[in-house]
Amino acid sequence: MTDNKQDEKNKELENGMVRGLQNRHVQLIAIAGTIGTGLFLGAGRSISLTGPSIILVYLLTGIFMFFMMRAIGEMLYMDPNQHTFINFITKYVGKGWGFFSGWSYWVSLIFLGMAEITAVATYVQYWFPAWPAWQIQIVFLLILSLVNLIAVRIFGEVEFWFGMLKIITILALIATGVFMVLTDFKTPVGHASLTNITDGFQMFPNGVKNFIVAFQMVFFAYQAIEFVGITTSETANPRKVLPKAIQEIPVRIVIFYVGALVAIMSIFPWKELPVNESPFVMVFQLAGIKWAAAFINFVVLTAAASSLNSTLYSTGRHLYQLANEMDNPLMSKLELDTLSRTGVPSKAIILSAVVIAISAFINVLPGVSDAFALITASSSGVYIAIYFLTMVAHLRYRKSKEFMADGYTMPAYKVLNPLTIIFFIFVFACLFLQDSTFFGAIGAAVWIIVFGIYSNLRHNK
């Protein structure tokens with residue numbers, strides 16, 4: 001197909017959106033959605049919890065996240081014009097829980113965006129410590145808002161290169177690890193070898209509780225893996241592209257997460273790894289790269305910017321969808337249910353960006369930052385509730401008249417779907433086991449109960 005013909009195809013509108021995302025965009029977005037800043041900065045902390053068995057935690061959690069993506073993928077394959085998978089909760093679980101999920105997901109993404117923009121400022125101040133954080137946040141937010149407002153194809157291109165940088169960095173770490181093991185590389189604490197993983201191996205070296213607690217930490221490393229499903233209504237050939245992106249998730253988990261962890265623990269005995277220092281920086285410095293710290297800081301800066309870019313994309317689409325579903329005079333007055341000439345929900349994106357921008361001023365207000373931290377922690381727990389409802393929606397979809405038997409079906413769903421639901425309940429329970437997540441778990445539980453009851457009463461009337 002020629003470029004001109006492809007461009008014409010991209011301009012075709014389906015359900016209001018332009019299908020401007022190509023296969024390469026979606027594949028890289030899918031990879032980027034499984035790799036967060038936590039791998040680059042927090043791998044040392046997660047390894048310190050339970051040693052080499054952290055690999056099992058990453059694998060098990062990744063498997064259940066893959067099952068969830070198969071459920072989402074099956075429903076989106078049946079109806080690829082949906083702007084968001086949340087619509088299936090409305091359709092198959094009920095309008096009350098759909099209303100709850102729609103607003104809860106948008107609010108959770110807003111707080112995620114606030115956390116990301118705060119992180120961006122911290123990474124920029126590594127080089128420019130005198131720059132005020134709030135100014136850095138506003139500038140980045142303006143730039144990424146423009147990326148989202150121009151056209152979906154521009155968004156896809158930016159995400160493609162953000163994702164590429166993360167992939168190259170992880171592959172470079174794995175290649176460095178392989179080289180060091182093969183050459184018996186001398187380190188400050190011994191030699192690089194696979195025996196650093198196997199010698200004295202214990203499943204629970206720091207106790208069963210730390211092994212269990214590791215699940216909630218790893219779970220949030222995978223948070224936003226569902227983002228690739230939100231791109232479906234703007235993807236060319238979605239029934240071909242989406243299944244491929246989802247089907248390759250297990251391979252990506254093994255390569256990028258397990259591969260990186262094995263490389264790190266082969267180079268350093270896991271007990272020698274400092275909790276508060278990036279293992280990536282340590283490995284590249286051992287390899288002779290003196291500017292490793294600056295490079296990894298640049299990588300996590302782009303990873304945070306990528307997450308913020310995706311958050312603006314998601315919040316805009318969700319708010320647009322909510323505005324279309326609700327008969328709300330204020331939303332109509334703000335024109336949140338309209339699209340720009342390029343098929344982008346520009347008004348919804350701008351409002352979402354304005355709300356995220358509030359975080360630029362939160363930390364300068366005394367006492368407010370602590371409340372903000374609690375709310376952000378609560379929103380993470382609410383995420384689990386939305387995943388839970390998504391799996392319930394899938395079970396009901398399978399029993400509906402719309403079930404597409406020859407579609408991209410989830411295998412053994414009668415067993416795997418309930419197991420995934422149980423896993424999500426288990427992860428939510430894990431939030432109560434650590435002091436750092438306990439109050440956030442309480443906040444999430446209160447939100448789910450109070451807003452869940454309100455949402456259902458509102459729609460039952």
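Colleague: In which helix is the place of Val-450?

Modeller: This model is predicted: local features need pLDDT of at least 70, side-chain atom pairs count only at pLDDT 80 or more, and totals for chains, interfaces and linings use all residues. Helices are DSSP runs (H or I, at least four residues), numbered from the N terminus. The place of Val-450 is in helix α21.

Colleague: Is Val-450 buried or exposed?

Modeller: Buried means under 20% relative accessible area, exposed over 50%, and partly exposed in between (1.4 Å probe, protein chains only). Val-450 has a relative accessible area of 54%, so Val-450 is exposed.

Colleague: How far apart in space are Val-450 and Phe-204?

Modeller: In sequence, 246 residues separate Val-450 and Phe-204. In space, C-alpha to C-alpha, the distance is 38 Å.

Colleague: Which class does the aromatic pair of Trp-447 and Phe-451 fall into?

Modeller: Rings of Phe, Tyr and Trp (its six-membered ring) pair if their centres lie within 6.5 Å; planes under 30 degrees apart are stacked, over 60 edge-to-face, the rest tilted. Trp-447 and Phe-451 are four residues apart in helix α21 (residues 435-460), about one helical turn. Trp-447 is partly exposed at 31%, and Phe-451 is buried at 14%. The ring centres are 4.8 Å apart and the planes are at 35°, so the pair is tilted.

Colleague: How many residues apart in sequence are the parts tied together by Phe-215 and Phe-426?

Modeller: This pair is edge-to-face, 5.3 Å centre to centre, with 75° between the planes. Phe-215 is buried at 6%, whereas Phe-426 is partly exposed at 30%. Phe-215 lies in helix α10 (residues 208-221) and Phe-426 in helix α20 (residues 413-430), so the parts tied together are apart in sequence by 211 residues.

Colleague: Which ring does Arg-70 lie over?

Modeller: A charge sits over a ring if NZ of Lys or CZ of Arg is within 6 Å of the ring centre and within 35 degrees of the ring normal. Arg-239 lies over the face of Tyr-77, at 5.2 Å from the ring centre. Arg-70, at 4.1 Å from the ring centre, lies over the face of Tyr-408.

Colleague: At roughly what angle do the axes of α8 and α15 cross?

Modeller: Axes are lines fitted to C-alpha atoms, for helices over the stretch in contact (heavy atoms within 4.5 Å), and angles run from 0 to 180 degrees between N-to-C directions. Phe-155 and Phe-162 are among the α8 residues that meet α15, whose residues in the contact include Tyr-313. The axes of α8 (residues 152-182) and α15 (residues 292-325) come within 10 Å and cross at roughly 145°.

Methods: Residues are numbered from 1 along each chain as its sequence is written. Side-chain values use heavy atoms; hydrogens and water are left out. Helices (H or I, at least four residues) and strands (E, at least two) are DSSP runs, numbered from the N terminus.
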